[in-house]
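Here's a quick briefing on the model below, grouped by topic. Have a look at the structure first, then read on.

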Amino acid sequence: MFKHIVVAVLLSLWIANVSQAAPKIEHWKTSNGLSVYYVSAPSLPMLDMELVFAGGSVRDGAKSGVSLLTAALLNKGADGLTADQVAEAFEDVGATFSASSNMERSSISLRTVTFVEEMESALQTWLKVVGKPEFPEQDFKRTKKQALIGLQAQKQKPGSIAEKAFYKALYGDHPYGVSGSGTEATINAMTVPDLKAYYQQYYVAKNGMLAMVGAIDRKQAEVLAERVSKVLKVGTKAAAVPEVKPLTQSKTVRVDFPSSQSHVYIGQIGNKRGDADYYSLYLGNHVLGGGGFTSRLMKEVRVKRGLSYSVYSYFMPQGQLGPYILGLQTKNKNLDEAIKVAREVLIDFVEKGPSDEEIKQSKQSITGGFPLRTASNANIISYISMIGFYGLSLNYLEEFSPKIEKLSREQVVDAFKRRVQPDKMVTIVVGGKKKS
Amino acid sequence: MILTSISNRVNKYFWLSVLSIFLLPISTSLAQIKTLDVADKTLDNGLKILVLEDSRAPVAVVQLWYRVGTSYEHEGITGLSHALEHLMFKGTKSRASGEFEKILAVNGARNNAFTSQDYTAYYEVLASDRLDVAMSLEADRMRNLVLDEKEFKKEIEVVKEERRWRTDDKPKSLTREQFNAVAFMNSPYRAPVIGWMVDLETMTIDDLRDWYKKWYSPDNATLVVVGDVKKDEVFAMAEKYFGAIKKTPLPIVKLRTEVVQKGVRKLLVKAPAKLPYLRMGFKTPGVINAEKKWEPYALEVLSNILGGSNSSRVTKRLVRGKGIAASAGSYYNGFGRLPDLFILSGTPSKGTTLDQLQSELIAQIKDLQTHLVSEKELKRVKAQVVASEVYERDSIENLASILGSFESVGIGYKEVDNYLPAILSVTTEQVMAVAKKYLVEDQLTIAHLQPQALVVETVTENKKSKSATTVAKTGGSK
């Protein structure tokens, strides 16, 4: 929040994947069908809430960027309050509001203290924003302009250009390949009715779930969930995201950009939430490129050769097959060497797999560090949102470590051989010509 | 440069006498906030230990803070503290390079380090029953680091890549870096934490050895432990691992007080970019040197009223109201080792020039100098501060960072206790007074980032079709 000192600090290591733990998750449905996931956290007088809908950019259709604009407009006028009044109403009681849209999720969040009057005031404002957004024309026009500026900002960052190109090359016409920020053309053509239509179709009880973590008891949580669901239309569940087809051949996209470093993304289709290979791939990738300084990519690319500050790989499971991404940045002159080393590490790993020792160490690292993943309310709510949204087991957090624990080296080798094809990958390079 | 938010205080007690900060009566509610209880102890060798017990989860964070950073460096050796931080992961007399990471990994720890202008800190977050693992490793590298030339030669390349990634290829970061070098003439805050590229190129292993020997002494460090621990056990463990380390004489830190600015400074930065960017900074005192103790807190409140949040003036009037800024904000750093700046920055919206945005921001300052802020605005800021007081306790790392930074910059961790009452006692008159006294043109530095043409060319190649196709070529910006 605001009154924070901003201190310039440099982290010496790159943190690729951060993560989860084992609080008790309670689940029920409200009278009109909103799914609720709740964790009691009585120690601090605060409450976090997140309302999540099956929305996101995958459901933008031809109106690319509509989900993002819809989220951005929610607090710009609701139930008779102007954007300024909404901002003041939250901040008068120290509450923080946010709304976001990613690939396939649209969310609305609130953090408030649980002192009776402040909480009630924050909730009332939040419910207005959730249930009665007005999408005022004036605010819409301004937000559109900001979205266009946002597109320009992406164009001056080689990393953003590379990321966009990666998704496009990997997914083609599948909605996962379309950037949620839209294009100049789609943003310019967008209208308020487009946003209202998106809101009315997807921000509905049967298409959503509510996550709550904080110092309220079960009874309060139930009453609160009912209040939230009452401001939503019942609606219907959104259609599932279409299946993803894997790449059949390798593909390289090179973007010449006047930067001193080249940004590299290499990857393919990965896995999905609830995937049978989820744990094998997670454990294997920890050895390959997800385990920070002990990972093979980090050792070979950074530690042994000094080629990149950050180098990593990760699976990003979605409702359908999400991407598997390997990334690094290196000065233009070292580009070929960096790609060569990274690919050799990848190919060798897929062919031979991790050693028994590596498996053992990664298991210890993942399971030993598991309590860190749910140490804060902020950590917990992001887990239960994910668990609820993808309909994973309520015991997901308890089961995680045991499932990792009982995997064998052979299972990991087998999963990587079946799921990772280094000869059919997308390679994106955005950077300067190799002179210096 | 990564800008990591570290909220600036923790307080032991809630000042229940100042309750009318909310719009609604909440006297019963405030009592729900548990008090924080920081314990401290100093070992015979001068190592100071701060412990905060928090048993919400069975985890703990260990942070070891050294009082050395860019502001201890001088021209020609900038970036030395940060480069040494990187080398601190490269092995000790008894542990080979890489072993450190391996030990922490198999213990499920998450670890890293950070360097700022005023400090270098190392941390481990781990299950609280493995606290001794972190302690023994930190104690080992406080004294037994092996600074190997071969490791250095590879790692300095990593640091240069980090510099390219953080600064050289980012037009806004580049502007910020050059802005600091103009705003400050002789204060060490003029130099970038990562160091100038030429200094990285000429740095030697001997520079690092010298730096390590000079500053990595127990009496120049603070050990902060927050989490599911018992303070007496932490003190005993610290004694066990660090107690035998002898302190070494510390260099004298020269004052290097910034010369008085004699008029507005302006700079223009040209870089390949799509968007212009404005940065303005006024020289301001910090808690460390304020003539009047309330002034930094009044500046903190002023910054929040002006540009700190979604209901602040700049957002309301310039981003939403007039629509002339795509984004704009302000921040004040009053909690460093040396006095710093009050910053205003922003990106104009399409059709607005940097000059226009600049004069609109100046007009907002004039307003603060000539009209009292409303009681409602003041109350709102205070309400947010109280709520933040609760929120920041959600993260043990955040709590540890607040304690460690206050202690390391020389303000002292006990001043953390003073943050809330100091903010709550700021008046509208005081906000006007600091606006008049410090946000004055002669103390101002202004940077404009002027975007230069950015030519981009895309080539796509499929494996089977060898012929490369030029898909797009776009040039020009603005």
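pLDDT is the predictor's own confidence in each residue, on a scale from 0 to 100. Chain B averages a pLDDT of 90, with 89% of its residues reaching 70 or more. This is a predicted model, so local features need pLDDT of at least 70 and side-chain atom pairs count only at pLDDT 80 or more, while totals for chains, interfaces and linings use all residues. Residues are numbered from 1 along each chain as its sequence is written, and chains are lettered from A and ligands numbered from 1 in the order in which they are written.

- For the complex, the predictor reports an ipTM of 0.93 and a pTM of 0.93.
- In chain B, residues 1-31 have pLDDT below 50. That stretch still makes 84 contacts beyond near neighbours in sequence, where a contact means that the C-beta atoms of two residues, placed from the backbone, lie within 7 Å.
- Residues 465-478 of chain B also stay under 50, and there the model has 20 contacts beyond four places in sequence.

**Where the chains meet**

- The interface puts 98 residues of chain B in contact with 82 residues of chain A.
- Strand β11 of chain A (residues 251-256) runs antiparallel to strand β13 of chain B (residues 456-462), and 6 bridges join them. Strands (E, at least two residues) and helices (H or I, at least four) are DSSP runs numbered from the N terminus, and two strands pair if DSSP finds at least two bridges between them.
- Along that pairing, R254(A) sits opposite V459(B), and K251(A) sits opposite N462(B).
- β11(A) also pairs with strand β15 of chain A (residues 426-431), this time in the parallel sense and over 6 bridges. V255(A) has V430(A) as its bridge partner there.
- As background, strands of a sheet pair through backbone hydrogen bonds, either parallel or antiparallel.

**Chain A: two domains**

- Chain A is assigned domain 1 (26-230) and domain 2 (251-431); such bounds come from an automatic or database domain assignment.
- The centres of these two domains, taken over C-alpha atoms, are 29 Å apart.
- Contacts link 25 residues of domain 1 to 26 residues of domain 2 in chain A.
- On the domain 1 side, β4 (35-40), β5 (46-54), α5 (158-171) and β10 (208-214) of chain A each supply at least two residues. α5(A) gives the most, with 9 residues.
- That side of domain 1 of chain A divides into 16 nonpolar, 4 polar and 5 charged residues.

**Chain A: sheet and helices**

- An open sheet of 6 strands in chain A has the order β3-β4-β10-β5-β9-β8, with mixed pairing.
- Its edge strands are β3 (26-29) and β8 (96-101) of chain A, each pairing on one side only.
- Within chain A, β5(A) and β10(A) run antiparallel and are joined by 7 bridges. V52(A) has M209(A) of β10(A) as its bridge partner.
- Helices α9 (residues 278-290) and α12 (residues 356-368) of chain A have axes that come within 9 Å and cross at roughly 105 degrees. Axes are lines fitted to C-alpha atoms, for helices over the stretch in contact, and angles run from 0 to 180 degrees between N-to-C directions.
- α9(A) and α12(A) are therefore roughly perpendicular to each other, a label for angles of 65 to 115 degrees (under 35 is roughly parallel, over 145 roughly antiparallel, and the rest oblique).
- L283(A), H286(A) and V287(A) of α9(A) make the contact with E358(A), S362(A), K363(A), S365(A) and I366(A) of α12(A).

**Chain B: two domains**

- Chain B is assigned domain 1 (32-242) and domain 2 (274-439), with 28 Å between their centres, taken over C-alpha atoms.
- In chain B, 27 residues of domain 1 are in contact with 20 residues of domain 2.
- α6(B) supplies the largest share of the domain 1 side, 5 residues.
- The domain 1 side in chain B divides into 14 nonpolar, 7 polar and 6 charged residues.

Note on methods. Nonpolar A, V, L, I, M, F, W, Y, C, P; charged D, E, K, R; others polar.
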